[in-house]
Amino acid sequence: MYRSLWLKLENFLDEEKRLFLGQVIRFGLTGGFTTFLNAAIYYVGAKWGHMAPLFSNFIGYLVAMIVGYLLHNYFSFRGHGCQDRHWQLFLRFCLASLLGLGLNSFWVGCMVNYLHLMKWTPLPFMVFVTPLVSFWLNRRWVFRPSKK
């Protein structure tokens, strides 16, 4: 079933659009995993580990960032851009991830610390909004094709 769907897409989409679609799917799988990992560490730390919510979010994001770099570099964006300068890629990835950390910290800070909502309320924003921003930034800046 999936094979026939992919064959129909191959006939409909040109190669560049197929490559983009593949990146979106792989990013979604990898990003979904790392987002879940971050959210799980945040929630377990904040709810049962009795950590401050922002500190728990930081620990979750740190773990997810390291796992995410490896998975995005070798899976999500494989073959897209310059992947031979790992120190530059990792530095850009860390900077892009800091933006994600800032976004997630904004959600947690506003909803939990400022509005005093339940600890789960930032999760939809952490799961849906931050990954969209991260995909765009990773594709356009971190793993961008090198200019020859």
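Q: At what angle do α3 and α4 pack?
A: The model is predicted, so that local features need pLDDT of at least 70 and side-chain atom pairs pLDDT 80 or more, while totals for chains, interfaces and linings use all residues. Residues are numbered from 1 along each chain as its sequence is written, and side-chain values use heavy atoms, with hydrogens and water left out. The axes of α3 and α4 lie 9 Å apart, where helices are DSSP runs of H or I with at least four residues, numbered from the N terminus, and axes are lines fitted to C-alpha atoms over the stretch in contact, with angles from 0 to 180 degrees between N-to-C directions. The packing angle of α3 and α4 is about 145 degrees.

Q: How many charged residues does the contact of α3 with α4 have?
A: The crossing of α3 and α4 is right-handed, meaning that the near helix is turned clockwise from the far one by less than a right angle. By class, their contact has 14 nonpolar and eleven polar residues, with Gly counted among the polar ones and Asp, Glu, Lys and Arg as charged. The number of charged residues in the contact of α3 with α4 is therefore none.

Q: Are α2 and α3 roughly parallel or roughly antiparallel?
A: Helix α3, residues 53-76, packs against α2 with axes 8 Å apart and an angle of about 160 degrees, and the contact of α2 with α3 divides into 14 nonpolar, twelve polar and one charged residue. Angles over 145 degrees count as roughly antiparallel, under 35 as roughly parallel, 65 to 115 as roughly perpendicular and the rest as oblique. The pair α2 and α3 is therefore roughly antiparallel.

Q: Which orientation class describes α2 and α5?
A: The crossing of α2 past α5 is right-handed. Their axes come within 10 Å and cross at roughly 140 degrees, which makes the class of α2 relative to α5 oblique.

Q: How much space lies in the largest cavity?
A: A cavity is a set of points on a 1 Å grid where a 1.4 Å probe fits but cannot get out, and lining residues have an atom within 4 Å of a point; one cavity of 30 Å³ or more is counted. Its lining has 19 residues, with Thr-34, Thr-35, Tyr-61, His-72 and Ser-134 nearest the centre, and α2, α3, α4 and α5 each supply at least two. By class this lining has eight nonpolar, eleven polar and no charged residues. The space, taken as that filled by probe spheres set on the points, is about 260 Å³.

Q: Which helices each supply at least two residues of the lining of the largest pocket?
A: A pocket is an open set with protein on both sides within 12 Å along at least five of seven lines, and the largest one holds about 150 Å³. Its lining has six nonpolar, four polar and no charged residues, including Phe-27, Gly-28, Thr-35, Phe-128 and Phe-135. The helices that each supply at least two lining residues are α2 (15-47) and α5 (123-142).

Q: How far apart are the end C-alpha atoms of residues 120-138?
A: UniProt, in an unreviewed entry, places the feature "transmembrane region" at spans including residues 120-138, although such annotations may be inferred rather than shown by experiment. Over residues 120-138 the chain is 84% helix and 0% strand, and the end C-alpha atoms are apart by 27 Å.
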